[in-house]
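Let's take a walk through this structure together. Have a look at it first, and then we'll go piece by piece.

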Amino acid sequence: MNYYDTEEGTPQGGIFSPLLCNVALNGMEEMIGKTYPQRRGISPGIHVIRYADDLVVTGKNQDILKGIRGKLETFLHPRGLKLSEKKTKITHIGEGFDFLGFRLRRMKRNLHFNKAGTQETVLIIKPSQKGVKKLKRNICKIINPNKPLPKIISEINPILRG
């Protein structure tokens, strides 16, 4: 195996990667807020949730979200960035979506489980199947009958903490 020094960029997962991402994406929320401002103090129902390079935009309907997608592409282009076609989709919250290892989905309220509140639906957040499989894979790599138990515990604890 050969290793070569990199001339440019920063390693993914490195300490500077999230910082540089936040610098590059700074102003995105403001741009969306100016494009879809509040009217008479009423929110247009658009929310941006961003964690480093992961992003979710929620909106009241598909037309608004398609417009925001175009605005995001325009925002990203001068920065040399683009939306991932594989990861970018517009979906109804009832179908749900995965974000940062969790599955988010709005479901009809079940009075047996959701007694508090008056809304007709509840937001369910649970670990995504993909995240659970990845966790199991990582743990299986660590557990070995020939490895001492203290070593196994010391290797698993950071994974369980995230």
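Start with R69, a residue that counts as partly exposed because its relative accessible area is 23%, a value between the 20% and 50% limits of that class. Keep in mind that you're looking at a predicted model. The side chain of R69 meets that of E73 in a salt bridge, at 3.5 Å from N to O. E73 is partly exposed too, with a relative accessible area of 35%. Both sit in helix α3 (residues 62-76), and since they are four residues apart, about one helical turn separates them.

K151 is partly exposed at 43% relative accessibility, and E155 is partly exposed at 24%. In total, the structure holds seven salt bridges.

Now for the strands. Strand β3 (residues 97-99) and strand β4 (residues 102-108) run antiparallel, joined by three bridges. They make a hairpin with two residues between them, and L100 in the turn has a positive phi of about 55°. F99 has F102 in β4 as its bridge partner. R103 and D98 form another salt bridge, with their closest N and O atoms 3.2 Å apart. R103 is partly exposed, at a relative accessible area of 27%, and D98 is partly exposed as well, at 42%. On to the next strand: β4 is joined by seven bridges to strand β5 (residues 121-127), and these two run antiparallel. Here R105 stands opposite I124 in β5.

What about nonpolar residues on the surface? I15, F16, L19, L20 and V23 form a patch there, with about 550 Å² of accessible area together. One of them, L20, belongs to helix α1 (residues 17-25) and is partly exposed at 46% relative accessibility.

Finally, step back to the whole chain. It has five helices and five strands, which run α-α-β-β-α-β-β-β-α-α from the N terminus on. The radius of gyration is 21 Å, well over the 15 Å that the globule rule gives for 162 residues, so the chain is more spread out than a compact globule. Its C-alpha trace spans about 65 × 55 × 25 Å along the principal axes. Buried residues make up 17% of the chain.

Key
Residues numbered from 1 in each chain as written. Predicted model: local features only at pLDDT ≥ 70, side-chain atom pairs only at ≥ 80, totals over all residues. Heavy atoms only, no water. Patch = residues over 30% accessible without salt bridge, like charges linked within 9 Å, V, L, I, M, F, W, Y side chains within 5 Å. Areas by Shrake-Rupley, 256 points an atom, 1.4 Å probe, with all protein chains shown as cover. Salt bridge = Lys/Arg side-chain N within 4 Å of Asp/Glu carboxyl O. Buried < 20%, exposed > 50% of the residue type's maximum accessible area, 1.4 Å probe, protein only. Rg over C-alpha atoms; globule rule 2.2 N^0.38 Å. Pairing = 2+ DSSP bridges.
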